[in-house]
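Biologist: I'm new to this one. Please show me the model and walk me through it.

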Amino acid sequence: MSLHTDEILLRPLQQQDAAELLELRLRNHDFLQPFEPIRPASFLTLPGQQEQISQAQNDFEHGTAYAFGVFSRESGKMIGRVALSNVARGAWQNATIGYFMDQACNGKGYTTSAVNLALRFALTDAGLHRVQAAVMPRNQASIRVLEKNRFRQEGLSLRYLQINGVWEDHLIFALTAEEWSQ
């Protein structure tokens, strides 16, 4: 299974992606750390990434989360990741979306396209009704990605997530299937 535009391809992560995912994370560690939780040192190792991919594959199989690698169609290289996590079924039919892109690929519309493809998957193939995102107010680039994908801002959650060792406020954004189909 894969989703694509002319520039990028999204596909579920596979074990053979572990070394490339590790290299991507290491290369972008300083760039991404202000926006991510502090993780154990083992996370940034090949076994750590293999474990992450194993968990992602299991989650995908069971419909509890959907993690995709983002690949350049021109080079074939992994340039990012987008994931639908915390899938809730029943009356809510909701997931949270998170994403990152190689710093060298920022400003080219790839993140906006990757989020759009993940939304299409979530609101059609996965049968979800709602996708939400939480973004620190200072992360203007991420907010622009959500706005370009027609997310609406719902409010501010105080001390919502522990990011880089600090409990950070987050703006909550959401998009429903009805809004997607308009």
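Modeller: Let's start with one pair. In strand β8, the bridge partner of Gln 132 is Ala 174.

Biologist: What is the source here?

Modeller: This is a predicted model: local features need pLDDT of at least 70, side-chain atom pairs count only at pLDDT 80 or more, and totals for chains, interfaces and linings use all residues. Residues are numbered from 1 along each chain as its sequence is written, and side-chain values use heavy atoms, leaving out hydrogens and water.

Biologist: Back to Gln 132. Which residue in β6 is the bridge partner of Thr 96?

Modeller: Gln 132 again; Thr 96 is bridged to it.

Biologist: How do β5 and β6 run, and how many bridges join them?

Modeller: They run parallel, with three bridges. β6 and β8 (residues 166-176) are antiparallel, over six bridges. Strands count as paired if DSSP finds at least two bridges between them.

Biologist: What lies between β5 and β6 in the β-α-β unit?

Modeller: Helix α4, residues 110-125. The unit is right-handed: with the strands pointing away from the viewer, the path from the first strand over the helix to the second runs clockwise.

Biologist: Is β6 mostly covered or mostly open?

Modeller: Mostly covered. Five of the six residues of β6 (130-135) are buried, meaning under 20% relative accessible area with a 1.4 Å probe, where exposed is over 50% and partly exposed lies in between, counting protein chains only.

Biologist: Zoom out. In what order do the strands sit in the sheet?

Modeller: β1-β2-β3-β4-β5-β6-β8-β7, eight strands in an open sheet with mixed pairing. β1 (3-4) and β7 (152-163) each have a single partner strand, so one side of each is left without a neighbour in the sheet.

Biologist: How many helices go with the eight strands?

Modeller: Six helices. Helices (H or I, at least four residues) and strands (E, at least two) are DSSP runs, numbered from the N terminus.

Biologist: Next, α1. Which of its residues are buried?

Modeller: In α1 (18-27), Ala 18, Leu 21, Leu 22, Leu 24 and Arg 25 are buried. They sit on the same side of α1, because they cover an arc of only 160 degrees around the axis. The arc is that of the directions from the helix axis to the C-beta atoms.

Biologist: What covers the buried residues of α1?

Modeller: The cover includes α2 (29-32), α3 (46-62), β4 (78-88) and β5 (94-101).

Biologist: Now Thr 176. Where is it found?

Modeller: In strand β8. Arg 130 stands opposite Thr 176 there. Thr 176 counts as buried because its relative accessibility is 10%.

Biologist: Which residues does Thr 176 touch?

Modeller: Leaving out residues up to four places away in sequence, Leu 123, His 129, Arg 130 and Arg 152. Contact means heavy atoms within 4.5 Å. Arg 138 is 38 residues from Thr 176 in sequence and 25 Å away in space, C-alpha to C-alpha.

Biologist: And the chain overall: what share of its 182 residues is buried?

Modeller: 47%. The C-alpha trace spans about 40 × 35 × 35 Å along its principal axes. Among contacts with a separation of 6 or more, 61% join residues 24 or more positions apart.
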